[in-house]
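Trainee: Could we please go through the interior of this model together, by question and answer?

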Amino acid sequence: MAELATLPPLPDQKAKGWEFTDLSLLDLDVYEPGEAGASLGSAEGATVLPLAEALESHPELTEGRLGALAPAGDPFVARNDAAPREGVLVHVPAGVRVTEPIRIEVPLTEAGTVLNWRTLIVLEEGAEAEVWEHWSSPADDLDALLNAVVELHVGQAATLRYVNTQDISERAWIFATARAQVERDGRLDWTALGFGSARGKVRMETNLAGAGSEARVTGGYAGGAGQHLDYDTTQEHAAPNTNSDLAFRGVLAAGATAVWRGMIRVDPGAQQTDAFQESRNLLLSTEAHADAIPGLEIEADDVRCTHAAAVAQVDREQLFYLTSRGLDPATAKSVIVEGFLESLVERVAEGPIRKEISAALERRLAEIL
């Protein structure tokens, strides 16, 4: 753990990646350490333990993995590392297929506290599992801070479906650093939904470290008045014959702002990379604002990398068409927004997870429309 006296300072808006999110109003000293009171599901064949317990009883499962993917020197990761070990370990042995989703509930419940939460998921060679993690608050007026670090280790020929939904208080800060590493012929299907928080930053990075590995990343966010949502994604191709596909959709009501910055990075020697990223934002008001910034860093010559980004208002012609068919304006707008998000839902495999994501989006839209 890092010593408190040696923690790096918080970034200002001159720091790369922080240009759109102002931390000048963040005073970390007003937040006392909090406890998660998390609820951890279980599944046959998998080890699911509080992280502090896992470090004592199963150190062989965390050694060389805990902290291996988290970026060194990052100010929020360093503070997470310096805090007591609030978190969870999910470990699936080689060749084990977990048939039921593993659910993790992490409530942010105490005003004036900071929760430093750590998620470590390890799938050994040929394993398969689905993990649903939900960060929440009991009320929308809770002033607190969530500082989360997520590390996803997907072993050779393993398959991980990881769903993270965030619905914390709209007065809270959130800082989340999530990194995944996918080995040879492994597959990661990662879905993230962001509804809560007043401001902060969420970073999602995928490293395709082994040949033949692939990742599909699906993100959605819906912001209401006063919220600022900041997402930073990276798809790093470190091996040949790898594939990544990232799609984000954002819906913003009046008074909401958002920024998405995405990077496809192809390392030297990562030939026959196939990578795609897109971000599309729908503004429900002229008083909403979004920035979408895709990027490419390519150091190989036999690749196919494409990106797309768009920010648009609700189409007036579509509104006119629907209202002329008898729908009232509010219902017509709801139909248009639901259609905009439908392509996001369709990226998720059929089954309970798709139904839950669709229901979560529907509930959130009802709040901001």
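This is a predicted model: local features need pLDDT of at least 70, side-chain atom pairs count only at pLDDT 80 or more; totals for chains, interfaces and linings use all residues.

Mentor: Residues are numbered from 1 along each chain as its sequence is written, and side-chain values use heavy atoms, with hydrogens and water left out.

Trainee: Which element gives the largest share of the lining of the largest cavity?

Mentor: A cavity is a set of points on a 1 Å grid over the protein atoms alone where a 1.4 Å probe fits but cannot get out, and lining residues have an atom within 4 Å of a point. The largest cavity holds about 130 Å³, and strands S9 (159-167), S10 (173-182), S11 (187-194) and S12 (199-208) each give two or more residues to its lining. Strands are DSSP runs of E with at least two residues, and helices are runs of H or I with at least four, numbered from the N terminus. With four residues, the largest share comes from S10.

Trainee: How many residues of helix H3 are buried?

Mentor: Buried means under 20% relative accessible area (1.4 Å probe, protein chains only). Among the buried residues of H3 (75-82) are Phe 76 and Val 77. The helix is mostly covered, and of its eight residues the number buried is six.

Trainee: Is Ser 334 buried or exposed?

Mentor: Ser 334 lies in helix H5 (residues 329-346). Its relative accessible area is 19%, so Ser 334 is buried.

Definitions and conventions:
On a 1 Å grid over the protein atoms alone, a cavity is a set of points where a 1.4 Å probe fits but cannot get out, and a pocket is an open set with protein on both sides within 12 Å along at least five of seven lines; lining residues have an atom within 4 Å of a point. Grid points are joined across faces, edges and corners, and a volume is the space filled by probe spheres set on the points. Buried means under 20% relative accessible area, exposed over 50%, partly exposed in between (1.4 Å probe, protein chains only).
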